[in-house]
Amino acid sequence: MIDMAQTLADALPEQLPPEPLQELAEIVYAELETRVGNRICEVIPETSTLAFEEAIDAGDEALAHQILEVECPQYKDIVAATLQELIVEVAERFSAPTGR
């Protein structure tokens, strides 16, 4: 499991208080799940996509993991690359001038 709050704290140019950092971490984690899901669905067959979605909806993490291992063995690379992209995006937004 990714400690998103710590990952963000390490990447951001300024320190956020714990509560806003946790809120940001939840938003970024949800976006990570969405982007990774979309990217994985682009590379696995539609029948496997449906089976994966059903496993996730049913809370069967073991089956979802098994489907990923078989149909998308590079899923860990997809997660890592997508996480890095998101962290860069968030850090850039915090570094951008605010126009004040």
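A: Let's start with R39. At 29% relative accessibility, R39 is partly exposed. Keep in mind that this is a predicted model.

Q: What does R39 form a salt bridge with?

A: With E85. The closest N and O atoms are 2.7 Å apart. The pair links distant parts of the chain, with R39 in helix 2 and E85 in helix 5, 46 residues apart.

Q: And E85, is that buried, exposed or partly exposed?

A: Partly exposed. E85 has a relative accessible area of 33%.

Q: How many salt bridges does the count come to?

A: Three. R35 takes part in one with E31, where the closest N and O atoms are 2.7 Å apart. R35 also meets E89 in a salt bridge, at 2.8 Å from N to O.

Q: Where do R35 and E89 lie?

A: R35 is in helix 2 and E89 is in helix 5. They are 54 residues apart, so this pair also links distant parts of the chain. E89 counts as partly exposed, at 30% relative accessibility.

Q: And where do R35 and E31 lie?

A: Both are in helix 2. They sit four residues apart, about one turn of the helix. In an α-helix there are 3.6 residues a turn, so residues three or four places apart point the same way. E31 is partly exposed, with a relative accessible area of 32%.

Q: Which residues do shared partners join into one network?

A: E31, R35 and E89.

Q: OK, switching to the core. How many residues has the largest nonpolar core?

A: It has 25 residues. Those with the most contacts inside it are M4, L8, L12, L24, V28, I40 and C72.

Q: Which elements give two or more residues to it?

A: Helix 1 (4-11), helix 2 (18-43), helix 3 (46-58), helix 4 (61-71) and helix 5 (75-95). Helix 2 gives the most, with seven residues.

Q: What is L12 in contact with, leaving aside neighbours within four places in sequence?

A: L21, L24, V90, A91 and F94.

Q: Back to helix 1. Which of its residues are buried?

A: M4, A5 and L8. Seen down the axis of helix 1, they fall within an arc of 100°, so they line one face of the helix.

Q: What do those buried residues pack against?

A: Helix 2 and helix 5.

Q: Last one, S48. Where does it lie?

A: In helix 3.

Q: Is S48 buried or exposed?

A: S48 is buried, with a relative accessible area of 9%. Leaving aside neighbours within four places in sequence, S48 is in contact with I67 and E71.

Key: Residues numbered from 1 in each chain as written. Predicted model: local features only at pLDDT ≥ 70, side-chain atom pairs only at ≥ 80, totals over all residues. Heavy atoms only, no water. Core = buried A, V, L, I, M, F, W, Y, C linked by side-chain atoms within 4.5 Å. Buried < 20%, exposed > 50% of the residue type's maximum accessible area, 1.4 Å probe, protein only. Contact = heavy atoms within 4.5 Å. Arc of directions from axis to C-beta. Salt bridge = Lys/Arg side-chain N within 4 Å of Asp/Glu carboxyl O.
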